[in-house]
Amino acid sequence: YEAVTGESADEDKSFWDTFYKQKDYTFGKDAVKFLKDHISKIPKGKAFVPAMGEGRNAIYLAKHGFEVIGNDISEIAVDKAKVLAKKHNLNIKSSVVDLKEYKFIENQFDLIFISLFYDKSLMPGFKKSLKKGGFIMLYEEVYDGDPKKSPSLFFVKHNELRDSLKDFKLIAYKEYNEHGKKVVGALAQKI
């Protein structure tokens, strides 16, 4: 993060704590549509939701029978995810973690779901921690050339996910407009 933004991990944590403190649930409590549309294609198992924010997608996975482990750099976001899980009588294992320091364990997860957070330097770790036959699903905002946005900060370029997942079997891939933003959803299986 520091190499991209010039800020330290502590500044990053402070930014996200402030970001999540400002609103009730910043992105709402409902899971992203791409996840809802494709969950039936994924067998239940152990799911990892890195940079889970306030937990909306982690909660949805837990509701659908997944054993969910989620993390975020923001303690505020993780606390809100825990409250939401408790409200639904669900258990998600959640922790405050800087993904740049996360220790990926080989063959740990059946599903990894990444939403609105993309760091290609972390993709090898995500792939390593996915079991053979496991699935990775990404839902990301596509950089549209807007000079007000940083093209390197969590956005993907057109077809970047397709290229990043070329060593996986692509199950679903869609670039589309949602909530006034260009987004992409990708679901792939480790072969």
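The stops below run from the whole chain to single residues.

**The whole chain**

This is a predicted model, in which local features need pLDDT of at least 70 and side-chain atom pairs count only at pLDDT 80 or more, while totals for chains, interfaces and linings use all residues. Residues are numbered from 1 along each chain as its sequence is written, and side-chain values use heavy atoms, with hydrogens and water left out.

Display the protein as a cartoon: seven helices and seven strands make up its secondary structure. These elements are DSSP runs numbered from the N terminus, helices being H or I of at least four residues and strands E of at least two. Followed along the sequence, their pattern is α-α-α-β-α-β-α-β-β-α-β-α-β-β.

The C-alpha trace spans about 40 × 40 × 35 Å along its principal axes. The radius of gyration is 16 Å, which agrees with the value near 16 Å for a compact globule with 191 residues; the radius is taken over C-alpha atoms, and the globule rule is 2.2 Å times the number of residues to the power 0.38. Of the 191 residues, 51% count as buried, where buried means under 20% relative accessible area, exposed over 50% and partly exposed in between, with a 1.4 Å probe and protein chains only. Among contacts (heavy atoms within 4.5 Å) with a separation of 6 or more, 60% join residues 24 or more positions apart.

**Strand β1 and its partners**

Select residues 46–49, strand β1. It pairs in the parallel sense with strand β2 (residues 67–72) over four bridges, and in the parallel sense with strand β4 (residues 109–115) over two bridges; pairing requires that DSSP find at least two bridges between the strands. Centre the view on Ala 47, which stands opposite Val 68 in β2 and has Leu 111 as its bridge partner in β4.

**Helix α4**

How is α4 placed relative to the rest of the structure? Seven of its eight residues are buried, so it is largely enclosed by the rest of the structure. The buried residues are Arg 56, Asn 57, Ala 58, Ile 59, Tyr 60, Leu 61 and Ala 62. To see what covers them, show elements including α3 (33–38), β1, β2, α5, β3 (92–96) and β4. Just after the helix, Gly 65 takes a positive phi of about 90 degrees.

**Val 78 in helix α5**

Move to helix α5 (residues 75–87) and select Val 78. Val 78 is buried, with a relative accessible area of 1%. Beyond its neighbours within four places in sequence, Val 78 is in contact with Met 52, Gly 53, Asp 72, Ser 94, Ser 95 and Val 96. A distance label between the C-alpha atoms of Val 78 and Met 52 reads 7.9 Å, although the two are 26 residues apart along the chain.

**The nonpolar cores**

A nonpolar core is a set of buried Ala, Val, Leu, Ile, Met, Phe, Trp, Tyr and Cys residues joined through side-chain atoms within 4.5 Å. The largest has 32 residues, and those with the most contacts inside it are Phe 48, Ile 112, Phe 126, Ile 136, Leu 138, Leu 161 and Leu 165. The elements giving two or more residues to this core are α2 (9–21), β4, α6 (123–129), β5 (130–141), β6 (168–178) and β7 (181–190). Apart from it lies another core, of 31 residues, among them Ala 31, Tyr 60, Leu 61 and Leu 111.

Select Phe 126 next: setting aside residues up to four places away in sequence, Phe 126 touches Phe 48, Pro 50, Phe 104, Ile 112, Ile 114 and Ile 136.

**Ser 164 in helix α7**

Ser 164 belongs to helix α7 (residues 160–164). Is this residue buried or exposed? Ser 164 is buried, with a relative accessible area of 15%. Its side chain makes a polar contact of 3.4 Å with the side chain of Tyr 118. Such a contact is a pair of N or O atoms within 3.5 Å; within protein, one must be able to donate a hydrogen and the other to accept it, and residues adjacent in sequence count only if both atoms are side-chain atoms.

**Two loop residues**

Finish with Leu 116, in the loop between β4 and α6, and His 179, in the loop between β6 and β7. Leu 116 has a positive phi of about 55 degrees although it is not a glycine, and His 179 likewise has a positive phi of about 55 degrees without being a glycine. Leu 116 is partly exposed, with a relative accessible area of 30%, whereas His 179 is exposed at 73%.
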